[in-house]
Amino acid sequence: MKYILDNKSDKVKNVTENNLKGLEIKTKGENAIKASKVLIVDSELKDLYIKNKINKKLVALLSKMQYILDNDEDDNTNATLVLGEIDRLKSILINKYKEHLKIEEFSYLLKKLMLIEEEFKVKYNRKQVYREMLMEDLDEMIGRGR
């Protein structure tokens, strides 16, 4: 059974047609609405929902990136995982959310992801080059000893 909730009135309408187009999301039952799926039809609400969802994932991703860049361990798998996560977010944005976002919002989020990816690559490569230079200097200093 489908219902339409409208924030402009207190009425709840029963919907029988199946041709409503919108963003379908699964709920976790933590909301005031006891439903397993919700269809968001309003374009502004869809934009806000998607931006919120992507930004939450970006915050978690940025904290992982910061940890990798600040950590002195030489582990390429963590950097590969972060880059894979960025690619996954880009593919989700393109495949799942492109049709629901405004063109400006879509391009903004995609550019944001691409900029974060490029900046991480540059900083990680700079860290690797610096580490190699330190190791070469250390090897020279050890080699000069008695």
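A: Two residues are in contact here when they have heavy atoms within 4.5 Å of each other. The model is a predicted one. Take L93 with that definition in mind: leaving aside neighbours within four places in sequence, L93 is in contact with I54, K98, L101, F106, L109, L110 and L113.

L93 belongs to the largest nonpolar core, which has 24 residues. Within this core, I54, L93 and Y97 touch the most other members. Two or more residues each come from β3, α1, α2 (76-97) and α3 (103-143). In soluble globular proteins, nonpolar side chains tend to be buried together.

D47 is found in helix α1, residues 43-70. D47 counts as buried because its relative accessibility is 6%, and buried means under 20%. Apart from neighbours within four places in sequence, D47 has contacts with H100, L101, K102 and E105.

Now for the surface. L20, L39 and V41 make a nonpolar patch of about 210 Å² there. L39 lies in strand β4, residues 37-40, and counts as partly exposed because its relative accessibility is 33%. K21 is placed in the loop between β2 (12-15) and β3 (23-26). With a relative accessibility of 70%, K21 counts as exposed, since the cut-off for that is over 50%. K21 and L39 are 18 residues apart in sequence, and their C-alpha atoms are 8.0 Å apart in space.

How values were computed
Residues are numbered from 1 along each chain as its sequence is written. This is a predicted model: local features need pLDDT of at least 70, side-chain atom pairs count only at pLDDT 80 or more; totals for chains, interfaces and linings use all residues. Side-chain values use heavy atoms; hydrogens and water are left out. Helices (H or I, at least four residues) and strands (E, at least two) are DSSP runs, numbered from the N terminus. Buried means under 20% relative accessible area, exposed over 50%, partly exposed in between (1.4 Å probe, protein chains only). Patches are made of residues with over 30% relative accessible area and no salt bridge: like charges are joined within 9 Å, nonpolar side chains (Val, Leu, Ile, Met, Phe, Trp, Tyr) within 5 Å. Accessible areas come from the Shrake-Rupley method with a 1.4 Å probe; for residues, only the protein chains shown count as cover. A salt bridge is a side-chain nitrogen of Lys or Arg within 4 Å of a carboxyl oxygen of Asp or Glu. A nonpolar core is a set of buried Ala, Val, Leu, Ile, Met, Phe, Trp, Tyr and Cys residues joined through side-chain atoms within 4.5 Å.
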